[in-house]
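Please look over the chain shown here before reading on. The briefing is meant to be read alongside the sequence and the coordinates.

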Amino acid sequence: MLGCGFTADTEPEDRLTPVPGVALKKTALNAIHRAAGARMVEFGGWEMPVEYSGIVQEHLAVRTAAGLFDVSHMGEIEVKGPQAVTLLQYVTSNDVTRLRVSQAQYSALMHPSGGVVDDCLVHQLGNDHYFLCVNAANTDRDFDWIVQYRRGRAEATEVRNVSEQYSQIALQGPRAAAILSRVTDVNLAELKYYWFRQARCCGVEGLLARTGYTGEDGFEFYFPPAESARVWEQLLEAGRPEGLIPCGLGARNTLRLEAAYPLYGHELDEETTLLEAGLGWICKLEKGDFLGRNVLIEQQQRGVRKRLVGFEMLDRAIARDGYPVWVDGEAVGRVTSGSYAPFLKKNIGLAYVPPGAAAPGREVQIEIRGRRAAARQVALPFYKRART
Amino acid sequence: MHPEEFLYTKDHEWIRVDGDIGTIGITYHAQKELGDIVFVELPKPGDHVAAKEAFGTVESVKAVSEVYSPVTGEVVAVNSKLQTAPELLNSDPHGEAWLIRVRLTDRKEVENLMSADEYEAYLKGSTSGAEGAGSKGQA
């Protein structure tokens, strides 16, 4: 048996090959994860739980009840002061002026090439005051990137990497609101999707957002790391009668894949534009100049080089990241994420193919260990929850 | 965890020999390292397998792993249940979830395999249990 490690959804540089002498970062909940018997792996420079009771069980809990995730590895960057809007309008693709205080938006930190430095959530804390949640492995680079574009544009704007001041726990699933209502005074019915507020949960003050990365209703709570054990344990306790279980990054990945949410380093990178990734809805080309905008405008007029598509395997096989995609006898694309989908009970994946080959219903072949297996393109997302 | 009457490889396969027929599977330790197993690819009866060579693939949600044969021989039976119920490999790796039965070419080949005690000692001694030397199986 080879390759028993957690390899399929990590970037080459993220794999279980820690650089000698560089210690992995640990979240405040590391000892609790270990004591609970979670399997720990390296991810984005952090030692993180990949699974507790098993990816399938955790995945199904989130789809049918609720799951609790330690996502404290995620980075947080604050942007504050005059010209904060100018700066964010220039470095991100979405339009921050569409935000109101206490509202969040999905966006991307842009590269002049039209590619993506990172994808992120932008929260508006107040006037000229924003809070970005970014990917763990990219945090330092994102911070330097934003600071670099302050020059001559927003020099009075303060940019701070505040990642060490926050733990982040995600409570996700159809029972999430019912569970959370037991440990907070916030009227959750008034907290809409992609809005947030200062809130006390489990006796701890923090930022409570109705956001997530699973395709379910849910919340993400940002709070001081010293309170991590209290929040984690009280939430698990409050949720036990509802079927809440702790979940790892393995289920987080299969959940986001069913929902067709992109993962940086897989569907997104500096060589891929948002239009190619199917994220035209966060490209606000009319808002004024921003990094990579001219490339996006050109692609909008002349067309993209590749297109992200979803597929289901027809043959009995699982596609994995990096496998070649064949169309009409030619290897023309590559799988960016592929897995067994525990809720859909199908083998699914995302891949880039030439624009001319992208069409739901059309068959492609995935090259798996030297053999080509049939797959059919399907419309995205693979899974969409019924909204109530 | 690892039954006495089986012999074991460093790649975490087991074999139970009965006359000139060997039944082959993956160990309790291997399935635990892999996590939820969702896919199994096996040879057909009549195919030949060679000692230390890959004969099949086991995939969990997260990982792809090749399975290596402890012995050389001809495949005489394949556990077809695993096609529809790969999760048996998690629940009963040393019993219901055997992978293939092989007619051994050379019974002496099993002399180099580990006993259950030796395998347990090997697991304790190796820091990264089921991680092999190669990377062929890694997606």
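Predicted model: local features only at pLDDT ≥ 70, side-chain atom pairs only at ≥ 80, totals over all residues.

Chain A contains 8 helices and 20 strands, and 62% of its 388 residues are buried.

**Overall form**
- The radius of gyration of chain A is 21 Å, which agrees with the value near 21 Å that a compact globule of 388 residues would have.
- Along its principal axes, the C-alpha trace of chain A extends over about 60 × 50 × 50 Å.

**Surface and charge**
- The side chains of chain A include 44 positive and 47 negative ones, with the centres of the two sets lying 4 Å apart.

- The largest nonpolar core holds 75 residues, of which A:Val79, A:Val91, A:Tyr130, A:Leu132 and A:Leu274 touch the most other members.
- When neighbours within four places in sequence are left aside, the contacts of A:Val79 include two of those core residues, A:Tyr130 and A:Leu132, and also A:Ala84, A:Leu87, A:Leu88, A:Asp128, A:His129, A:Thr157, A:Glu158 and A:Val159.
- Another core, of 31 residues, lies apart from the largest one, and its members include A:Ala66, A:Leu188, A:Cys202 and A:Phe221.

Note on methods. Residues numbered from 1 in each chain as written. Chains lettered and ligands numbered in written order. Heavy atoms only, no water. Helix = DSSP H or I, 4+ residues; strand = E, 2+ residues; numbered from the N terminus. Rg over C-alpha atoms; globule rule 2.2 N^0.38 Å. Buried < 20%, exposed > 50% of the residue type's maximum accessible area, 1.4 Å probe, protein only. Lys, Arg positive; Asp, Glu negative; His and termini not counted. Charge placed at Lys NZ, Arg CZ, Asp CG, Glu CD. Core = buried A, V, L, I, M, F, W, Y, C linked by side-chain atoms within 4.5 Å. Contact = heavy atoms within 4.5 Å.
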